[in-house]
Amino acid sequence: MNAWKLYLIGTVVLVCAGIAFSLIGDKGFVLAWFAGRRHPFPDYFFYYVTLLGEPPGFIIIGVLLWLRSWRKMLIIPILGGLVTLISYILKNIFEHERPILYLKRIGWEGPLGVLDYYVNTGHASFPSGHSMAAWALFTLTAALIARPWVSILCLLLAASVSVSRVYLMVHFLQDVVAGAVVGFAIGYIFYFIAERYIKTNHQDVLLDEADQS
């Protein structure tokens with residue numbers, strides 16, 4: 001199967017699964033389900049994998065792409081800035097409450113924080129910026145490299161970041177599903193634009209070298 005089709009199908013399946021699970025019970029159902037199944041391994045796994053939706057994730061992918069092409073590496077920080085801006089705008093438009101406010105309102109008596117991870121408050125829950133960033137980053141990566149194993153790895157990492165936000169009690173499932181959809185769209189559109197720019201400039205460089213020889 002074509003690497004991009006594999007990534008696309010995987011994304012559709014994961015998003016549909018996320019939507020289906022978000023329809024079970026109230027919006028705190030998945031939060032409560034995770035809270036009742038805490039274990040040291042997922043605690044540490046999600047504690048660290050969530051960092052892939054932050055600057056460390058962009059730095060790692062940027063370095064890996066730099067080993068292939070410095071032009072491809074340069075688009076990573078631009079993507080990070082764009083995602084940050086879009087996330088900020090959307091959060092301020094919707095102003096949905098964070099899970100901790102919802103849980104306190106309904107009288108939740110179960111666990112909240114995982115390890116020493118900071119549980120965000122306020123009304124900036126929808127959509128998840130980490131989920132958006134991870135899906136944008138790994139969608140772009142899967143499109144640029146176009147290898148089946150890379151597509152599978154990118155899907156797993158993007159999904160792990162999304163799940164981590166719910167597991168860490170900082171987002172509802174609806175938040176991360178929306179973030180995934182927006183992030184995928186950003187990543188693919190950015191790839192389409194950036195790839196055309198890279199090809200055009202690469203051809204210009206080749207033409208200049210030919211003229212000079």
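Leaving aside its neighbours within four places in sequence, Leu 79 is in contact with Phe 58, Ala 136, Leu 137, Leu 140, Ile 186 and Phe 190, where contact means heavy atoms within 4.5 Å. This is a predicted model, in which local features need pLDDT of at least 70 and side-chain atom pairs count only at pLDDT 80 or more, while totals for chains, interfaces and linings use all residues. Residues are numbered from 1 along each chain as its sequence is written, and side-chain values use heavy atoms, with hydrogens and water left out.

Leu 79 is also one of the residues, together with Tyr 7, Phe 138 and Leu 140, that touch the most other members of the largest nonpolar core, which has 53 residues. Such a core is a set of buried Ala, Val, Leu, Ile, Met, Phe, Trp, Tyr and Cys residues joined through side-chain atoms within 4.5 Å; buried means under 20% relative accessible area, exposed over 50% and partly exposed in between, with a 1.4 Å probe and protein chains only. Helix H7 (residues 129-145) supplies the largest share of this core, 12 residues, helices being DSSP runs of H or I with at least four residues, numbered from the N terminus.

| Residue | Helix | Relative accessible area |
|---|---|---|
| Phe 58 | H4 | 12% |
| His 130 | H7 | 16% |

Not counting residues up to four places away in sequence, Phe 58 touches Ile 76, Leu 79, Gly 80, Ala 133 and Leu 137.

The axes of helix H4 (residues 55-66) and helix H5 (residues 70-94) come within 7 Å and cross at roughly 165 degrees. H4 is therefore roughly antiparallel to H5, a term used for angles over 145 degrees. Where the two helices meet, Phe 58, Ile 61, Gly 62, Leu 65 and Trp 66 in H4 face Trp 70, Lys 72, Met 73, Ile 76, Leu 79 and Gly 80 in H5.

In helix H3 (residues 40-49), Pro 42, Asp 43, Phe 46, Tyr 47 and Val 49 are buried, and the buried residues of H3 pack against helix H8 (148-167).

Terms used. Axes fitted to C-alpha atoms, helices over the stretch in contact; angles between N-to-C directions. Parallel < 35°, antiparallel > 145°, perpendicular 65-115°, else oblique.
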